[in-house]
Amino acid sequence: MAHAKISMYMPPNVNPARADIAYGCLALPKLNRELQSNNLLTRQKALVALCDLMHDPEYVYEAISIGCLESLKVLLKDGDDLVRIKTTEVLHIMATHSVGRLGFLERDIISSLSLLLNDPISLCRKNMHKAFKHLAQLPEGAQGIVTCGLVPALVWKLQREEESIQELILDTLAACLQEDAIEALGSRAVPCFKEKLFSYNEKIRSKAARALMAISIPLEGKKQVWMFDVIPILVHLLQDVNMEVKANCAGALMYATVTTEGKYAALDSNAILPLLELLNTNFSTKVRLNATKALTMLAEAPEGRKLLQIHVPVFRELEADQNGNIRRAATVALNVIEWKP
């Protein structure tokens, strides 16, 4: 005779830490109500379920339309660490979608997220910075971060955060600086970026050089890069083992050498030879293009033009390159190098 036997194991594919999701169009309204519950476990389970759903942009759109962002803004101030961790995780997942980023801007999520800049839980801060990084990919998002006055705070945190978060901050700042670099220039961002160029972490070196490239676009940025003696370091890093570091340092030099002071600082650091080495076809298009443009800037100085005239055949070869951008840059470089007063 058969006997009923109850298993001691949980059924397969059941997560006891996640709230049950209602069917169809009832799912998100139910979760939104649970986010507002006074019961801690209910809020935690709802957030775990929401993390799974927010990978779908259609759910993100619906969540924003029914007011989930308002509920999440309240939970950012929750006293429970897990609630804040999962809330920031939901938000950074939403920020990976364009509809989520637009929703952030429409509902002022930036200022609410910024309250966690000094949160004692590093995972909360990391998720927050991931959200800012994704948001800054949108020009309006980068401008929103600047408008909220967060750039000085991000520069300050860059000097104190753990390395994985520093990488996120540098990504965010590089995007924001392309929109408006004034606040960063007034917050001693250039010396801070200079310090990060010495990091043992090649990703931080690369991202710091990219941030310097962005901050060098306005004239004041070019002046500060020269004043704080960043140019010799950039020249040295042209020989870095990492390809992206080489490319971004060449790009930063391309902007910094627009001014006369920048040109002569680079020439005094013997920048021409390492830049010429980067024109080799073994390097990436980005490296070669930035190096070509940087050399063009140096050729505008009489001393630089004289040194480069013996390397005209190198630029002639570049004029036959497969990449159209490199061909055009080589033509401009030759016009400058062969110019005679």
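Contact means heavy atoms within 4.5 Å. Helices here are DSSP runs (H or I, at least four residues; strands are E, at least two), numbered from the N terminus.

This is a predicted model, in which local features need pLDDT of at least 70, side-chain atom pairs count only at pLDDT 80 or more, and totals for chains, interfaces and linings use all residues. Residues are numbered from 1 along each chain as its sequence is written, and side-chain values use heavy atoms, with hydrogens and water left out.

Q: Why is S199 called buried?
A: Buried means under 20% relative accessible area (exposed is over 50%, partly exposed in between; 1.4 Å probe, protein chains only). S199 has 14%, so it is buried. The residue sits in the loop between α13 (189–196) and α14 (202–215). Leaving aside neighbours within four places in sequence, S199 is in contact with E163, I204 and R205.

Q: How do you know that the span of α20 agrees with its 15 residues?
A: The expected span is 1.5 Å times one less than the number of residues. For α20 (residues 285–299) that gives 21 Å, and the end C-alpha atoms are 21 Å apart, so the two agree.

Q: What makes α20 mostly covered?
A: Twelve of its 15 residues are buried, including V287, R288, L289 and N290. The elements covering these buried residues include α17 (243–256), α18 (260–268), α19 (272–277), α21 (302–308), α22 and α23 (324–337).

Q: Which residues touch the most other members of the largest nonpolar core?
A: A nonpolar core is a set of buried Ala, Val, Leu, Ile, Met, Phe, Trp, Tyr and Cys residues joined through side-chain atoms within 4.5 Å. Among its 110 residues, they are M54, M94, F104, F193, L212, I215 and F315. Beyond four places in sequence, the contacts of F193 include L158, L170, L212 and I215.
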